[in-house]
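User: Could you walk me through how to read the ligand and metal sites in a model like this one? I would like the general idea and then the case at hand.

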Amino acid sequence: MSAATKSPGASRASESLRALVRGRLFWPLVTLALLLSFNLAFNAHFFSITVRDGHLYGSLIDILNRAAPLMIVAMGLTLVIATHGIDISVGAVVAISGAVAATLIGGQLTPGGGSPEAAGHPMPLAIIAALGVAMALGMWNGALISFFGMQPIIATLILLVAGRGVAQLITGGQIITIYHTPYFFIGNGFLAGLPFSLFIVTAVLLLLLVLTRRTALGLFIEAVGLNPVAARFAGVRARAITFWAYAFCGLCAGIAGLIISSNVKSADGNNAGLLFELDAILAVVLGGTSLNGGRFTLVGSVLGALIIQTLTTTIYSVGVPPEVTLVVKAAVVFLVSILQSDRVRNRITSMGKLGEAL
Amino acid sequence: MRNETDSRFFAAPRALPARAPARPRLDPRHLPFMVTLGLFGVMFGAGSVAFDGFFSLQVFLNLFIDNAFLLIAAVGMTFVIISGGIDLSVGSVTALTTMVLAHLVENRGWSPVLVIPLVLLMGATIGLIHGVVIQYFSLQPFIVTLAGMFLARGLCYLISVDSIAISHPFFTDISAIRYPLPFETSVSVNVVMALGVLLGAVYLAHSTRLGRTLYAIGGSEQSALLMGLPVARTKIFVYTFSGFCSALAGIAFTFYMLSGYGLHAQGMEMDAIAAVVVGGTLLTGGAGHVLGTLVGVLIYGTIQTLIMFEGSLSSWWTKIVIGLLLLVFCLLQKVLARAPARQGSTRAARQDTGQTHPVSSPIEQTAQVGG
Amino acid sequence: KDSIVLGFSQVGAESEWRTANTQSIKEAATQEGITLKFSDAQQKQENQIKAIRSFIAQRVNVIAFSPVVETGWEPVLREAKAARIPVILTDRAVSVKDESLWLSFLGSDFVEEGRRAAKWLVGYAPIQELAAKGEVNIVELQGTVGSAPAIDRKKGFEEVLKDQPKFKIIRSQTGDFTRAKGKEVMEAFLKAEGKKINVLYAHNDDMAIGAIQAIEEAGLKPGKDVIIVSIDAVKGAFEAMIAGKLNCTVECNPQLGPQLMRLVKDVVAGKQVPRRIVTQESVFPQESAAREFPNRKY
Amino acid sequence: MMPTVPVLEMRGISKRFSGVQALQGVDFRLLPGEVHTVMGQNGAGKSTLIKILTGVHRPDSGRILLRGQEIKPRSPLEARKLGISTVYQEVNLCPNLSVAENICLGQDASETFAIRWKQMHQKAEALLADLNLQLDVTAPLSSYSIAVQQVCAIARALSTQAKILILDEPTSSLAEDEVKMLLSVMRKLRAQGMAILFVTHFLEQVFEISDRITVLRNGELVGEYPVQEVSRIELVTRMVGREVAGPGPGRGKSARVPAGTQAVVDEAPASAEGPFLSAEGLGRRGSVQDVGLEVRRGKALGMGGLLGSGRTELARLLFGIDRAEKGSIKIEGRAARISSPLEAIQHGIGFCPEDRKHEGIVGELSIRENILLALQAKRGIFRTLSRKRQDELAAGYIEALGIKTPSAEKPISQLSGGNQQKVLLARWLATEPRMLILDEPTRGIDVAAKHEIMGKVMELCDKGMAILFISSEIEEVLCYSDRIAVMRDRRKVSEIKSGEADESMVFKIIAGGQV
Ligand SMILES: Nc1ncnc2c1ncn2[C@@H]1O[C@H](COP(=O)(O)OP(=O)(O)OP(=O)(O)O)[C@@H](O)[C@H]1O
Ligand SMILES: Nc1ncnc2c1ncn2[C@@H]1O[C@H](COP(=O)(O)OP(=O)(O)OP(=O)(O)O)[C@@H](O)[C@H]1O
Ligand SMILES: [Mg+2]
Ligand SMILES: [Mg+2]
């Protein structure tokens, strides 16, 4: 049984198989594939994509478009989690960002006259303001955590609670409908046949990949998350790194807020991004990043977000009754995480080895 | 086998050089707890000055009456957090308990004497499953208990989406019991139950091997393992205990509300976590005191009471003010508890408040199998 | 003379409707010179109970609240009764055995709203035509699972349709009362059922507005290809109706403030008050939208 | 003379980690009442053997017999119940628990339901007193230095009535006194019939205490020898597989360099230019008081002192980990403010800390990344090295320091203790510092490698690097430094030229005999 008794060739082959199976993205991909094919069993048209009004149209496109905000927030959160932190305020920041943009753009529908497209303030200003506020909130979190030494969960809990209040304060507890059509492009527009939000996701992903893999940032973040003392002793500016991770996470939540508010053409301070933090954390964890900090994978988090969105869409399209939805969700999360555990992986790899030996 | 007197090989053991300047009598390790308690006093005092009718024993006792279930759940959560984990299923298990209780007693006509042990067993079993899955598959507690949270909430809806009122005399009678105290005040059965759980937990955490093993695991799971402590068993126990506490909280909830409902105790896990952490327990594990959780719950309750007495805040300002109060509180707690340690930096701080301050204590690498 | 102190415990600020409700109560209190102790329960019943307890401790003159759920009020209301503080319910009732625990109930009837929506639908001409030809396929966007309006609006709607064999609810899913979810769920419905869908019934206007966007994006005409009926009658719904995208909305009136204050004054004055006060609510079909729109405050 | 029935026997033990054959068919016998030393180079498999014995790892093949009965320990807990008491190589205690808890927790069945704190504290104090240490046992373990922690770990192992005691490099951070104490305790236990498995890299200790020696090389058994039958040279040769030269070019008196030439080198550059770093009146509440010293380019300043005398704390002040409250630091004659490690690094200082597990390695990062970390921090986030350059760098140091690993991409936590230490050294050498502070740098490094590594450091020193060398081994300090500063009670009490001192003299100063 032991590797030593096998021929070197076979052991090399099994090693490379193991490398594949152990690859971080392998299991999230498998999960996603399983979920998608499950859909196909229920609905033959699930994979069909047609062209409508000059852009692609279909369930898969829906999933991608819907998952965009989650993917972006999950990426920001990945950095935070990699530093061994957590940010549960992302949902509140989503709401604030949308509220800021909507109130600035404003616009009123006057029946029978006036232009519904009229914007209160120029759109770029509104967008910059919303993102600026979101990032400032992230920096606030970062400052509390890295400079005041507050526990991340408490620091961000404060913003989770108060931030929702701020969002409602901005909107006056109402849903602010946006009438400025150009704004809708962010969350509803299509570019080259694909939802525009996907381009934002790609841009954020590329930016982050470059930042973390082409510079030393990734190394520093991982070092800080794994052993902050040792990292500091080696000259890494642990506090600054942590601070900027939260700031960036805030920014990501801001972007997500814009997409969401643009998508539904309104800002809902009460409900936008409610419980978003749970989904985002779940996405990061399903993607293969540990909540204990350290090694992180951005692509994994993106896949995690896709898994969650696929699951949600599946539940809707398969017609699971709402009372059962949560049980189904629980079962899937259980299964997926057990499937991803080392124990099961090893079992599967050794099964693979056996098969090879035969 | 060891004989103290003649095994001293050298005349007198050498003492390490005396420590830095003499400090106040107070043990610095208790400082954060004292500070938290003191701040609670200040907060309650401020309320008394600001609002009529605030300064009364009954208002103070109401903190216990209204938060008994939270306290029970938070005690279970304290254990989980000290061991370095987290349990997100607390609120939903509480809700599930109320639902099962109400359903079996009202719709099925079972006897409460039978149903109560049954739901406690159910809670403990859910916790046990969490623990076993976390330990056996070495999964992250966050994700396992999140699934548990979905599951328990979902099971509530499977029983009924609507709420079920409880009119069984056993429950109505117990919920009506008030133990009189001086000055025409009283407390409910829940309070007695919660304090009982608290005392039991204090004993368990601070005077038994199991409790100390808990702290060891939170400090460094790998080390605890190598020290030959029963890590797996203890971790599984912790989640089982938390599940049990959640179910007990559910029973207290039922006494409090006399109804079972799938939307009960929404977000209670966050309240419990916040109470535990505000009470001085580190989310990274290994440090904290169960009594701190009591103070944490009281502080949480006081913040709410303050806002209710204020009575003019809009919904959003309510949230903002809760956040601000929490912020002020946590900052003060940090500043005050740190004051004496400020002279020393990393290492000195580690020395003084090592048990209670996360920031400076090194984070253990569990993957490290040392050498 | 000291002004009357009213303790009011609101459910939360989870929707526009709720915000409007709060606003109406606050404004009315100021107008009538009543001191309002307002407390937001953030959707939690336990917080409402705590609030009522703190009102008792503060010895307010009257307690009013919008219960999160019907059940579970017995113990705390008994305390209020012991303290001789009269209790008024708004928005929805409570189920307690001892009916003397509350004095009066002011509010709308969610089941009735569901019934009205269904009745309007059954009577709507294009639908009748459809029904004559074949089946009417309905998709339903429910409110938050387990919440009172969701349960009752579903119940009322189904009650009426029970006797209409041609009407079929083919899909029903929760949209959490929000636009975003409403849109997302509708998208999935459209992918799964395609053109089969004739009618959308949404438990509130916000979900309907979200769903309208999804329907448009699917290349269908809301209000024509898919008949839409929803509940609440918020401003956004009127805008949609004016644009011809929504067919009907059933009013659920949040403007309880003035009525409540009058009631409070009567109670304090020791007058006999009615046990049940139903708020004035109507059904607004598309045709009435333009006329009604300027009157909408929220 | 000795009973021949072994208490413990391991037969044909093999263990493979991904990519590494850690053990290959190793046999090992432990007789009652003997001290049996296992020797081998870093990464030879000593710790792995111990971990298999105590159930941390499961062997791929082979059997373990305890008094003739086969056992399959699955966890340290089971091993402990079988009467095996262990001190692992790294200090594996819980930093957040008190010293007393770390020593006593779980060791006494009677404490299950009610811990008697007073008794526990007394017991811990007594156990520590046996090891010549007196401290506040209620303080958290993390408030003590790594050496103290190591003593606590030993005390824990001694706190139960075990039949077998395993000590994996227990003396690596201990000073002479503590080592003596430990050895005498071991003798006493041996006399009582306990079987002791001992791992160390210090030859003197081996020959002082062992009855028999088992030598491992590359995971394979080289042989088992009664201590009388091997000489030091033979032993080292068997461990390494070839002949090894003695200590390289040293500096002090005990080195082979003639004292005369040393003196000349000593004066010349010193007069030519000022010290690289000079500190005056450095002090900080609760830490060192009023310390002044000069570290010169091309010179090594050794630091001697007892456990807890404040050497590490001084190093922390110099490196900006703690901020000095009093005194001043000058670098190359100019006043410098060093308020963070990064600033120190930018001034060209490097610091290899003593607590490698907590302050040194970043466990899950690869060897390459660990080596790169300080250099990259020095260069900043954006000036990255190309991947090729990184690989070269890592490969270069793996080669130069003899780090035993199949690849530079292994997580450092999978390396053996000594090899981790080498990686840390490489981390600092890679920054090409102008001054290097080494706090117990040879901890856990095998004899052969020690000479090689220190030889390399001395080479760099000769090329102009300033060295501050802290070690608990006086011999080492004497050998590798030009001058020796001695600390006592957190003050510098004396500074002498190493050429003018011998071991006993330094001892006297350290112990406070004379100033
Ligand atoms: N958990 C692990 N995963 C992978 N490889 C490991 C692991 N533990 C040890 N090894 C490898 O096994 C080999 C033997 O290591 P071991 O720790 O037994 O050495 P050692 O003889 O104790 O060395 P040292 O004197 O440095 O402590 C090393 O090459 C090491 O890299
Ligand atoms: N009385 C004491 N109480 C608590 N800690 C003490 C006491 N005396 C000394 N110490 C410990 O000793 C340390 C001071 O010495 P430092 O670590 O600098 O010693 P060192 O000379 O490097 O010796 P070593 O590393 O061998 O212990 C402090 O960090 C502290 O942990
Ligand atoms: Mg070793
Ligand atoms: Mg030291």
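Analyst: Happy to, beginning with a metal site. Donors are N, O and S atoms within 2.8 Å of the metal (3.2 Å for Na, K and Ca), and water is not among the atoms, so sites may look incomplete. Here, S47(D) (OG) and Q89(D) (OE1) coordinate the magnesium ion (ligand 3) at 1.9 to 2.0 Å. This pair links distant parts of the chain, 42 residues apart: S47(D) is in helix α1 of chain D, and Q89(D) is in the loop between β6 (84-87) and α3 (99-104) of chain D. Helices (H or I, at least four residues) and strands (E, at least two) are DSSP runs, numbered from the N terminus. This is a predicted model: local features need pLDDT of at least 70, side-chain atom pairs count only at pLDDT 80 or more, and totals for chains, interfaces and linings use all residues. Residues are numbered from 1 along each chain as its sequence is written, chains are lettered from A and ligands numbered from 1 in the order in which they are written, and side-chain values use heavy atoms, with hydrogens and water left out.

User: Are S47(D) and Q89(D) buried or exposed?

Analyst: Buried means under 20% relative accessible area, exposed over 50%, and partly exposed in between (1.4 Å probe, protein chains only). Both S47(D) and Q89(D) are buried.

User: Which residues coordinate the magnesium ion (ligand 4)?

Analyst: T312(D) (OG1) and E354(D) (OE) do, at 1.9 to 2.5 Å. T312(D) lies in helix α10 (residues 311-318) of chain D and E354(D) in the loop between β17 (349-352) and α12 (356-360) of chain D, so the pair ties together parts 42 residues apart in sequence. T312(D) and E354(D) are both buried.

User: How many residues surround ligand 1?

Analyst: A residue counts as near if one of its heavy atoms lies within 4 Å. For ligand 1 there are 22, and K46(D), S47(D), T48(D), S416(D) and G418(D) are the closest. The site is shared between chains, because residues from chains B and D surround ligand 1.

User: Which polar side-chain atom lies 3.3 Å from an oxygen atom of ligand 1?

Analyst: A polar contact is a pair of N or O atoms within 3.5 Å. The atom you ask about belongs to E169(D).

Methods: A polar contact is a pair of N or O atoms within 3.5 Å; within protein, one must be able to donate a hydrogen and the other to accept it, and residues adjacent in sequence count only if both atoms are side-chain atoms.
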